[in-house]
Amino acid sequence: MEMVKLIINGKEVEVPSGTTILEAAEQMGINIPRLCYMKGLSSAGACRLCVVEVKGARALVASCATAVTPGMEVQTHSPDVMEARRTILELLIANHTPDCLTCEKMGECKLAEYCYEYGVKESSFKGEKHNYPIETSNPFIVRDMNKCILCGKCVRVCDEITGQNVMGFAYRGFNCKPAPFYDDELVESNCVFCGQCVAVCPTGALTEKQMQKKGRRWELERVKTTCPFCGTGCNFDLLVKDNQIVGVASNPTSVVNGYALCVKGRFGWDFVHNEKRIKTPLIKKDGQFVPASWDEALDLIAARFKEIKEKYGPDSFAALSSARCTNEENFLVQKFTRAVMGTNNVDHCART
Amino acid sequence: MSSCTCGGQVEAKKEAALQKLFDRYRDYKGGLIPILQEAQNIYGYLPKDVLRRIAKELRIPLSKVYGVCTFYAQFHLKPRGRNIVRVCLGTACHVRGGSKILEAAKEHLGIDNGETTEDLKYTLETVACIGACGLSSCMMVNDDTHGRLVPEQVGKILDSYE
Amino acid sequence: MKNLDQIRQKYVEQYRRKLGKDRIVVGLGTCGIAAGGNKVLQAIKEEVASRGLDVEIDFTSCIGMCYCEPVVEIALAGAPSVIYGNIIPDKVAKLIESHIVNKTPVYEWAAIQIPGEAAPYEGISVMEKFPYYEKQVRSVTSRLGRTNPESIVDYIATGGYEGIEKALQTDKQAIIDEIKKSGLRGRGGGGFPTGTKWQFVYDAQDDKKYAVCNADEGDPGAFMDRSVLEGDPHSVLEGMMIAGYAIGADEGYIYCRAEYPLAIRRLNLAIAQAEEHGLLGDNILDSGFSFRIKIKAGAGAFVCGEETALLNSIEGERGMPRVRPPFPANKGLWQKPTVLNNVETYANVPFIIRYGGDWYAKMGTETSKGSKVFCLTGKVNNTGLMEVPMGITLRDIIFSIGGGIQGGKEFKAVQSGGPSGGCIPAEHLDTPIDYDSLTALGAIMGSGGLVVMDETTCMVDVAKFFLNFTQNESCGKCTPCREGTKRMLEILQRICEGEGELEDLDTLERLCKVIKNSALCGLGQTCPNPIATTLKYFRSEYEAHIIDKRCPAGVCTALKVYTILEDKCTGCGACARNCPTGAITGAKKEPHVIDTEKCIKCGTCIPKCKFDAITTA
């Protein structure tokens, strides 16, 4: 691989050609703020928070979208850069609902994080602010466009990862915003509620409805787990507070799925603490289901299977397995059907 | 029973013109903007249903079609009336009761500011100043300026337009 | 390879025959039509028919003298062409009677004459000596107002398509070298060297390349490209063909704003004519080179004048600029290497190929070669289109060509480069203008719009006007432009309303700097220029608005105070009768007074007063 030598903040560094300035700086442990950049998505170069000074360039350049060139001299935190970043943050919060105290994203909000880092307490710009109604008409996602900073990650993730293209930029200039077709609500669109947009949103514009008021982000313990819904084996983090699951968050280290999930994995966990959930086997006695122990239930099943096989023959038995089972479980089902019950009558719900 | 079918004929003609457009632009690179321009020529604006069909024919996401429509000033998503009524709300008209003229127009037409009547006869808009402050309150219908208005006159003036 | 010799010979004869007859030519550019040119043409046709005269009636495009449209040219066989200004249908009968029938020009209506080889008339200015044209050169604009733009005969007879003919027999690299040698820089605003740009695309390895023409001229006060497209559409096609051949493209697009229907119509016509003559299409003149040109009409978005936004728009996307690099030269239209130049740049190319790069480079300054077309508008006597050598001073343009300030008022500033440009004050009037000197002044060459302002122009109001424009046209992609222009506009509005504070000026300066430094595209980066330059050169006007709550030019309504001058008021009562709020009172024949509480500053009273007794200072 061709290597490129450049100087960042006075120190020489060598990176593979094609590396962006932002990535090169990251390798040196220099943190450049970014709102619209995300690894795995195309670069928009839109938020301009990641601008850096490059010697000889007419203006500051977006480090997320600019590849390094040999001999390039970069300053990531020069006075001009700092002034630009502070002003951009001020411009963003001038048009942003200042309800951080009760905002669901508090603790994970990138805008708040950078304002803290760059010492932006308040905006010196007074003037018009957006006043969009907050959308709560679907069971999964709360959309508050007054907190949107137009990074466009929701638009790109919906296009590039989910492939659903529910969101697009609509209108222009100050009125520009990500919106579904005709600016309808999500329930009226072709949204499949995978929630990828929520996962990538850097502010409180998109939040999980089920998590509202369930806990501050820093109170939540993250427990990595495998999705129980199908055999794909997606990984994610359960967000746990006081031994209760309050939500699901993407875990980008997941080998199978990255941060992508489907509606079931991201939002379908509420059965866990449901009161109606069956927690023990039930055996029907005198027309009534009665709780039983596992030993009792398995003994009953074994006895009845044996009885059926002896009375009507092995082919009177058939097994239907589930996509919610793991590969190992599915293997065992067919092994059991063939070796123990002695029939080939085995099938799977996902076979068609 | 005899009924007028010319409405249906007009629709059928538009439909045929739209179909022709689809045939022409289906495999045309970058055809979204020209097809929107021509569809607007056919319908006078861009109906929601037509946008859905354009998206389907060109295999472009709906959200993108909407994004393009709302980006360019040329495209209208709502039908416009044959008569454009502009009530002046400049300073002079404001103090002379321009808002009462607007109220009278709204009431007479049964629509709100920025809307169009169902029969597509009128679109009601407001304007910051039409430069006829000496004649306040005033209102423009198409290119005609009507001045020194009192709310009672508004209905009669509007009715004089076809 | 075939050549055009035979056809050219035929067309030259045809063209000469046309010029050899008594002729009446009407200027029918958009400006001429708006001034009533079609009605004049109709009146001429009727008059000629009713008199049974044998006169060639023709039309042409805009010769540049917008201030005296409609323009009519009359030439008797073998006599000079006389160009008349301000011809309305009522004047037609006398004009024909005198000039055609009695062979005597109407001297008092004549603006200029173009004698050619004939002996000039006494008493009519010869074009080259006429103040409006004396300091002009006519190269790109040479056919404007002189030939019929809808006739390929006129184009070919006047040397048209000689450039592509010559180019097709030349090595591609040699063509690019010739363009480099000419020193031609992009006429659309950026001023990037055209030859270098072509070299990048030539060097880019790809099976498909494009040549794109930016005809999305959107600056308020700029109509150079419209005039060239309407007046000499073939020259733009020829320029694109030469570019296409040199870089290895076989397809070209012209992106023209939808607000220019006449330009689009004439371009379509020119394309059809060129195709008929085998100059566009497959295997042009048997050279093996194929090239097609398509027209894309814009849909109403100023930002599409930015090159990458323009490419997105051609592709059917929202016209939002792309991040660069990659530059269009490597990844342009549909990710293929693309040369993008504006109308005027392409129109220069055939001349450079015909006469050579050295010829072109003789004109202009060290860093900016050739000529530039400008549009002069605003408070100047002669508004119009002009072509001048680079390096001419603003004073020459405004005072020699433009004839000075209207009404003998004092010059205050000239705004160059539209919403991306800046306001240049009187002290810099003698700067020789080229790309670099204008940039040094905080303005830009831009596409060539020059708006002249006098003492009655409020510079804060001007800045507000441009910001209102850019804020409306911001695409919304990047934070500094989307949010920053909104806040700058709000600050300017407050200042004009008398609610500004001195700190606002610091805030404006900071925003100007940050937006210039950090916006995504060229439009965003230059949109603070109108504020930055007015703050730099006219800071005292801002301070007057903020500290004294006064608009020195008497423009900002909220800061006006209407008063009646006692010594001038005759008590006629005209003002009181017309005041919409009844704010003016007074006894008959006694000086009246204005109740400032009731006055809404609508200005109705001022034109009603015949005695200049009402002031707003």
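Hi everyone, let's start with chain C, which is split into domain 1 (18–130), domain 2 (152–361), domain 3 (371–454), domain 4 (459–546) and domain 5 (560–617), with bounds that come from an automatic or database domain assignment. A quick word on the source: this is a predicted model, where local features need pLDDT of at least 70, side-chain atom pairs count only at pLDDT 80 or more, and totals for chains, interfaces and linings use all residues. Residues are numbered from 1 along each chain as its sequence is written, while chains are lettered from A and ligands numbered from 1 in the order in which they are written.

Now, domains 1 and 3 of chain C. Their C-alpha centres are 30 Å apart, and 5 residues of domain 1 of chain C contact 5 residues of domain 3 of chain C; contact means C-beta atoms, placed from the backbone, within 7 Å. On the domain 1 side there are 4 nonpolar residues, 1 polar and no charged ones. Here Ala, Val, Leu, Ile, Met, Phe, Trp, Tyr, Cys and Pro are nonpolar, Asp, Glu, Lys and Arg charged, and the others, Gly among them, polar.

Next, helix α22 of chain C, residues 529–537: 8 of its 9 residues are buried, that is, with 20 or more other C-beta atoms within 10 Å of their own. Among them are C:I531, C:L535 and C:Y537. The buried residues pack against several elements of chain C, including α18 (459–473) and β13 (422–425). Helices (H or I, at least four residues) and strands (E, at least two) are DSSP runs, numbered from the N terminus.

Finally, 29 residues of chain A contact 27 of chain C. Helix α2 of chain A (residues 79–93) gives the largest share of the chain A side, 7 residues.

Technical notes: Two residues are in contact if their C-beta atoms, placed from the backbone, lie within 7 Å. A residue is buried if 20 or more other C-beta atoms lie within 10 Å of its own, exposed if 12 or fewer, and partly exposed in between; C-beta atoms are placed from the backbone.
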